[in-house]
Amino acid sequence: MSNKEKTTIRKIRFKKTESLYLIIRGLEVGIASGLICVLYRYALQYAESGLMKTLEYVKGSPSKIALWLLLAALLGLLVSYINKIEPDAAGSGIPQVSGEIRGYFSLNWWRVILAKFIGGTTSVFCGLSLGREGPSVQLGGMAAKGVSRITKSDKTTELRMISCGAGAGMAAAFNAPIAGTMFVLEELHHSFDKALLTMGIVSAITADYISKIFFGQDTIFKYDTATISLRNYWLLLIMGALLGLAGVSYNIIMVKAQKLFKSIKLPTYVKLPIVFIISGAIGLYMPQILCGGHSMANLLITQRPEIGVLAVLFIAKFLFGAFSFSSSAPGGTLYPLCILGAYLGAIFGKIAIGTFGLNENLFEEFVIIGMAGLFASIVRAPLTGIILVFELTGNMNSLLSIATVSFISYAVANLIGTAPFYSILFEKAVEKTDSPTLDSSSNEKVLQTFTVPIGSPINGKKIADIDWGKHCIIVSVERNEVPITPKGDTVLKDGDILVMLISQRRFSQDLKRINEIISL
């Protein structure tokens with residue numbers, strides 16, 4: 001057994017030392033991820049502000065408009081070049097981080113940061129309907145990878161740091177540290193890992209603290225508290241079902257939009273400038289739908305538009321968002337989809353209030369519920385969505401209504417059977433990978449934790465009776481927080497936590513196979 005393997009096992013046995021180690025690494029991740037994401041937020045703020053000033057300046061002058069569209073085309077050409085030399089920086093970045101964690105990719109951290117930073121800022125300056133949250137997840141993950149490489153961490157620690165850096169990036173982008181931690185566990189890993197939880201909480205809180213130093217402690221959304229009466233909860237059942245259908249439709253249309261864009265027989269260096277020109281032209285007539293959607297959010301809360309205006313803005317934002325994202329320009333969909341959910345909630349709220357004579361102050365409540373419900377059906381991470389909306393608003397009184405709609409929306413989307421949005425994007429990214437592996441030349445093993453779910457097919461089986469593969473070693477079984485030395489005749493039970501060493505040579509394949517063995 002190599003020295004690195006012995007070091008990894010030693011971390012399991014000495015939990016107090018390991019806990020301190022995880023906290024220190026979490027602080028490092030939080031600082032690095034928080035600072036890079038704060039810088040990115042500032043860059044996008046200046047880009048969006050510069051866009052609005054530019055549109056105001058060129059409006060009404062054909063010659064200035066022509067120059068603006070020419071500039072947009074040149075910037076589109078720049079982004080196409082950036083995507084060509086660093087394709088891992090294209091799109092939202094969340095599938096790439098997920099692929100890195102699962103062993104399919106090994107991203108060049110500093111190149112991705114540089115490309116994402118320039119490409120994302122340029123895309124926002126030209127008005128594409130893309131948010132900062134997805135890129136912040138990738139930027140946070142790559143900043144954490146940079147720290148791990150600089151400090152020469154072992155591969156197990158590096159993968160944990162990348163995961164927690166992604167959560168820290170989300171925390172810094174949304175001012176939502178708990179949602180950032182939950183995003184790592186629920187969306188990226190689909191499991192509960194105590195070591196990951198420890199490092200993740202520390203890194204997310206640290207990144208959020210750094211973000212609030214620069215941007216203040218106010219929540220992103222502010223609205224008056226109003227509570228839906230329990231006798232009107234039947235409306236939430238309908239709302240949840242409708243948002244579930246809307247989320248499924250969103251996923252289907254976004255995937256088809258990507259396929260349609262790729263089917264256009266033009267080189268990328270021609271297609272992206274055209275996308276940027278169209279975006280620049282749209283900004284002259286409907287600037288509300290540009291960028292992530294902050295202007296639409298302000299309009300919603302401050303002016304409470306009529307249903308007709310809400311519907312037009314929703315449709316325009318949705319279509320423009322699909323158009324922007326299908327181009328693979330660097331930028332995310334998390335915040336834009338939250339805005340779409342908010343507008344669906346507003347439309348439903350307007351109808352419900354007008355039809356059933358509900359309190360007018362419930363308008364904002366429907367807005368917030370819509371945001372969480374659509375997130376749950378699209379991303380299929382209801383807990384993350386519930387916590388995210390709570391942290392975005394700072395309002396605990398809406399927790400029951402938000403949870404009700406989110407889980408109904410989630411259940412409806414699952415019942416229909418379409419895949420979660422980021423799972424679809426991940427599978428598409430993996431299809432381009434010929435030989436997925438972390439590092440085929442390394443003998444180092446990666447430490448992974450698996451929880452045996454209730455009803456698992458391995459429940460009641462002996463370890464020796466299960467084909468784990470020759471590249472995997474079970475080093476510990478934890479039952480009711482008591483470690484058990486694994487032996488061939490050890491019988492596994494529901495709820496057992498398995499700690500395994502997996503070779504880097506076949507990491508992605510073995511990780512997938514073990515999940516299939518354990519899962520229902």
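Predicted model: local features only at pLDDT ≥ 70, side-chain atom pairs only at ≥ 80, totals over all residues.
## Overall architecture

The protein has 19 helices and 4 strands. Its radius of gyration is 23 Å, close to the 24 Å that the globule rule gives for 520 residues, so the protein is as compact as a globular protein of that length. Along the principal axes, the C-alpha atoms fill a box of roughly 75 × 55 × 45 Å.

Of the 520 residues, 58% count as buried. The exposed surface comes to about 21600 Å². Carbon and sulfur atoms supply 63% of that surface.

The 4 strands form an open sheet. Their order is E1-E4-E2-E3, and the pairing is antiparallel. Strands E1 (445-451) and E3 (482-484) are the edges, each pairing on one side only. On average, neighbouring strands of this sheet are turned by 25° against each other, direction ignored.

Strand E4 (residues 497-503) is joined to E1 by 7 bridges, and the two run antiparallel. Within this pair, Lys-445 stands opposite Ser-503 of E4. E4 also pairs with E2, again in the antiparallel sense, over 6 bridges. Here Glu-478 has Ile-497 of E4 as its bridge partner.

## Cover over strand E4

How many of the residues of E4 are buried? The count is 7 of 7, so the strand is mostly covered under the cut-off of 20% relative accessible area. In a regular strand the side chains alternate between the two faces of the sheet. Both faces of E4 are covered. One side carries Ile-497, Val-499, Leu-501 and Ser-503, and the other carries Leu-498, Met-500 and Ile-502; all are buried.

Helix H19 (residues 507-518) lies across E1, E4 and strand E2 (472-479). H19 runs at about 15° to E1.

## Helices H15 and H17

Helix H15 (residues 363-379) packs against helix H17 (residues 399-416) at an angle of about 30°. Their axes are 8 Å apart. The crossing of H15 past H17 is right-handed.

Which residues make the contact? H15 contributes Glu-365, Ile-368, Ile-369, Ala-372, Gly-373, Ala-376 and Ser-377. From H17 come Ser-401, Ile-402, Val-405, Ser-406, Ser-409, Tyr-410 and Ala-413.

## Two loop residues with positive phi

Arg-380 is found in the loop between H15 and helix H16 (382-393). Arg-380 has a positive phi of about 65°, although it is not a glycine. Is this arginine, Arg-380, buried or exposed? Its relative accessible area is 9%, which is under 20%, so Arg-380 is buried.

Cys-291 sits in the loop between helix H11 (268-285) and helix H12 (294-303). Its phi is positive too, at about 60°, and Cys-291 is not a glycine. Cys-291 is buried, with a relative accessible area of 1%.

Ala-115 lies in helix H5 (residues 109-125). At 8% relative accessibility, Ala-115 counts as buried. Leaving aside neighbours within four places in sequence, Ala-115 is in contact with Ile-82, Glu-86, Ala-89 and Gly-120. Ala-207 is 92 residues from Ala-115 along the chain, and their C-alpha atoms are separated by 22 Å.

Lys-493 is placed in the loop between E3 and E4. Its relative accessibility is 43%, between the cut-offs of 20% and 50%, so Lys-493 counts as partly exposed. Not counting residues up to four places away in sequence, Lys-493 touches Val-452, Asn-459 and Arg-479. Lys-493 and Arg-160 are 333 residues apart along the chain. The C-alpha atoms of Lys-493 and Arg-160 are separated by 26 Å.

How values were computed:
Residues numbered from 1 in each chain as written. Heavy atoms only, no water. Pairing = 2+ DSSP bridges. Axes fitted to C-alpha atoms, helices over the stretch in contact; angles between N-to-C directions. Contact = heavy atoms within 4.5 Å. Rg over C-alpha atoms; globule rule 2.2 N^0.38 Å. Buried < 20%, exposed > 50% of the residue type's maximum accessible area, 1.4 Å probe, protein only. Areas by Shrake-Rupley, 256 points an atom, 1.4 Å probe, with all protein chains shown as cover. Left-handed = near helix turned anticlockwise from the far one by under 90°.
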